Every structure is written in structure tokens, then in C-alpha cells.
Amino acid sequence: MQRIAMIGFGNVGQGLADILIRKQAELKRRHGYEYLVTAVADAKLGSVHDPAGLNLRQLLAAAGKKAGLESYAGGVKGLDALQTIRQC
């Protein structure tokens, strides 16, 4: 299981999250690749970290809200990018 911490959740980060959601079954079936996103930090949207994993669909929904990632239910919030890297 690959653990992923995303630093930046703008167009590229959200695009990657969307691809990971859509291709999850294929990645596992064809390549044996499984992942768990444990943290996301973005200068504008905020941050959230949970070693048990984050729900990418909920992260994308939270990113579209005015409160950003702070509106994600659960996880530790308020870390900057360096703190997020150290925690993960």
C-alpha cells in the first residue's frame, strides 16, 4: 500500500485526485497498485491529515467550498506544507 501526501491541491492536485478515483480498480487489477492518501496541504485551501486515510471524493467536494479543506469532516487540520510532510 503506497501512502500519498499531496502538497498542493489546485488544478493539478485535484486532477490527480480525480484520476486516482476513476482509475483505482484498474490500477489495482492491472498493476497491483493500491494507495492511501493520508494528507493534503495547499496554501490557499488549507490542509488535512489522517494516517488512516482521506476520502478523495470528500476532499474534492471540500476544495470547492469557501472554507476549503478545513470543511473536510475528520482529520487534523491547520498544518503547513512542511508540518504535513513531517507528520506523514
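How many helices and strands does the secondary structure of the chain come to? The chain comes to three helices and four strands; helices (H or I, at least four residues) and strands (E, at least two) are DSSP runs, numbered from the N terminus. This is a predicted model, in which local features need pLDDT of at least 70 and side-chain atom pairs count only at pLDDT 80 or more, while totals for chains, interfaces and linings use all residues. Residues are numbered from 1 along each chain as its sequence is written, and side-chain values use heavy atoms, with hydrogens and water left out.

**Overall form**
- From the N terminus on, the elements run β-α-β-β-α-β-α.
- The radius of gyration, taken over C-alpha atoms, is 12 Å, which agrees with the value near 12 Å for a compact globule of 88 residues; the globule rule is 2.2 Å times the number of residues to the power 0.38.
- Along the principal axes, the C-alpha atoms fill a box of roughly 35 × 25 × 20 Å.

**The sheet**
- Four strands form an open sheet with mixed pairing, in the order E1-E2-E3-E4; two strands pair if DSSP finds at least two bridges between them.
- Strand E1 (2-7) and strand E4 (76-77) are the edge strands, and each pairs on one side only.
- Strands E1 and E2 (residues 35-42) run parallel and are joined by six bridges.
- Ile4 has Val37 in E2 as its bridge partner.
- Helix H1 (residues 11-31) packs on the sheet and touches E1 and E2, where contact means heavy atoms within 4.5 Å.
- The direction of H1 makes about 155° with that of E1; angles run from 0 to 180 degrees between N-to-C directions, and axes are lines fitted to C-alpha atoms, for helices over the stretch in contact.

**The pair H1 and H2**
- The axes of H1 and helix H2 (residues 56-63) come within 10 Å and cross at roughly 150°.
- That makes H1 roughly antiparallel to H2, a term for angles over 145 degrees.
- Gln14, Ala17, Asp18, Leu20 and Ile21 in H1 meet Leu56, Arg57, Leu60 and Ala63 in H2.
- The residues of this contact divide into six nonpolar, one polar and two charged; Ala, Val, Leu, Ile, Met, Phe, Trp, Tyr, Cys and Pro count as nonpolar, Asp, Glu, Lys and Arg as charged, and the others as polar.

Terms used:
Parallel < 35°, antiparallel > 145°, perpendicular 65-115°, else oblique.
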